[in-house]
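Thanks for coming. I have a few local features to go through, residue by residue, and then I will stop.

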Amino acid sequence: MKHEKPNKGVLLIAEPTIFGDVTFNRSVVLLADYTEQGAVGFILNKNLNLTLTDLIPDLKQDFPVYNGGPVEQDNLYFIHHIPNLIPDSIEISNGIYWGGNFQAVKKLISNNLIKSQDIKFFLGYSGWAAKQLEEEMKANHWITVNQYNKNDLLAHNQENYWKEMLQELGGDYLIWANAPENPNYN
């Protein structure tokens, strides 16, 4: 069990104890920013069954769009690993970047210079007020993971990412990794 202090760049793995939370149940969240004032993250494994073309019709590539979290779900956010192509990107950690010049992104997409393994789009983000995330961790809502494959963050079709992360943690988490999403179905 890993309940270290949260930091920018860590993954937050939802503990099985948050069953019933529609947004965060079985979520894997990349913590994009963490300060004394609060935290911001993006849920990596909740596909919205939307594409970027659904939101911006003049872009002709069908990049999947994910539910980044319950805050500002009318705004589009993105993470990537190509800061050399996207000006004004902010490094999260380990070569993963947040945001940047969206006009440049649109131009790169139009010219087929960005592939789906380079960038991931989200509607909304996950946000925590000062000390809120720490309280949730004390209540065993999250496990922090510092070491992970950065390419997995941008991989698509991560439906089983939460399960895979629990399997990597091993121990008692192996039982939960194979449990049905709704324990009443067991």
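Predicted model: local features only at pLDDT ≥ 70, side-chain atom pairs only at ≥ 80, totals over all residues.

Gln37 sits in the loop that links β2, residues 28–35, to β3, residues 38–43. Leaving out residues up to four places away in sequence, Gln37 touches Trp128, Ala129 and Ala130.

Next, Asn45. This residue is in the loop between β3 and β4, the latter being residues 47–51. Is Asn45 buried or exposed? Asn45 counts as buried because its relative accessibility is 9%, and the cut-off for buried is under 20%. What does the side chain of Asn45 reach? The backbone oxygen of Arg26 is at 2.9 Å, and the backbone nitrogen of Val28 is at 3.0 Å. With residues up to four places away in sequence again left out, Asn45 touches Arg26, Ser27, Val28, Tyr66, Gln158, Tyr161 and Trp162.

Last, charges. How many salt bridges does a search of the whole structure find? The count is 1. Lys138 pairs with Glu135 in a salt bridge, and their closest N and O atoms are 3.6 Å apart. Both Lys138 and Glu135 belong to helix α3, residues 132–138, and they are 3 residues apart, about one turn of the helix. Lys138 is exposed at 63% relative accessibility, whereas Glu135 is partly exposed at 47%.

That is the end of my list.

Methods. Residues numbered from 1 in each chain as written. Heavy atoms only, no water. Helix = DSSP H or I, 4+ residues; strand = E, 2+ residues; numbered from the N terminus. Contact = heavy atoms within 4.5 Å. Buried < 20%, exposed > 50% of the residue type's maximum accessible area, 1.4 Å probe, protein only. Polar contact = N/O pair within 3.5 Å; in protein donor to acceptor, adjacent residues only side chain to side chain. Salt bridge = Lys/Arg side-chain N within 4 Å of Asp/Glu carboxyl O.
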